[in-house]
Amino acid sequence: MKENPSNVRRRPSWDQYFLELATLVASRSTCLRRQVGAVLVRNERIISTGYNGAPRGLGHCLEMGCLREEMQIPSGHRYELCRGVHAEQNAIINAAFYGMSTQDAVIYCTNQPCLICARMIINAGIVKVVHRGNFDDKLAVQFLQEAGIEIVEILPTMEKEF
């Protein structure tokens, strides 16, 4: 018996699916300013995840407070003055820690990567970045484009597309 087409459930695209997972990963963030998540995928299989937070074993911002707030550093400046490791960095580091190659992988991020993350993405052999926007670093985009990395921005919608 054929189903009524109006009752057929639409499945999310791979990009939508992995971006939704990145949003869930971001919920583990310990940053007081911005919760970011990243999912690293190869051949449509998750190889690693990461969220922004302090390095393993160190106190995180939820416990220690925000160094950047204390120093009144605006978003997008002086990345080095922060306890946290970015979500994209943690996804790449976690892949290395557990012995997973990042070559030819795709990274899904809840925010556009910054310049530091863009350089790591390039050197990790990642071939595509899919992100939700919400951060503006033109030099990062320029570097990714110069390296031949595909960049896809999928803005969030009020309603689920699937």
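**Exercises on an aromatic cluster and a helix**

Trp-14, Tyr-17, Phe-18 and Tyr-108 form one aromatic cluster in this predicted model. The structure holds 5 aromatic pairs.

**Exercise 1.** Find which type of pair Trp-14 and Tyr-17 make, and where the two residues stand in helix α1.

*Solution.* 
- Step 1. The ring centres of Trp-14 and Tyr-17 are 5.9 Å apart, and their planes meet at 80 degrees.
- Step 2. Planes over 60 degrees apart count as edge-to-face, so this pair is edge-to-face.
- Step 3. The two residues are 3 residues apart in helix α1 (residues 14-26), so about one helical turn separates them.
- Step 4. Trp-14 has 38% relative accessibility and counts as partly exposed; Tyr-17, at 37%, is also partly exposed.

**Exercise 2.** Classify the pair of Phe-18 and Tyr-108, and decide whether each residue is buried or exposed.

*Solution.* 
- Step 1. Phe-18 and Tyr-108 lie 5.1 Å centre to centre with 40 degrees between the planes, a tilted pair.
- Step 2. Phe-18 belongs to helix α1 and Tyr-108 to strand β3, 90 residues apart, and the pair links these distant parts of the chain.
- Step 3. Buried means under 20% relative accessible area. Phe-18 has 1% and is buried; Tyr-108 has 4% and is buried.

How values were computed. Residues are numbered from 1 along each chain as its sequence is written. This is a predicted model: local features need pLDDT of at least 70, side-chain atom pairs count only at pLDDT 80 or more; totals for chains, interfaces and linings use all residues. Side-chain values use heavy atoms; hydrogens and water are left out. Rings of Phe, Tyr and Trp (its six-membered ring) pair if their centres lie within 6.5 Å; planes under 30 degrees apart count as stacked, over 60 as edge-to-face and the rest as tilted. Helices (H or I, at least four residues) and strands (E, at least two) are DSSP runs, numbered from the N terminus. Buried means under 20% relative accessible area, exposed over 50%, partly exposed in between (1.4 Å probe, protein chains only).
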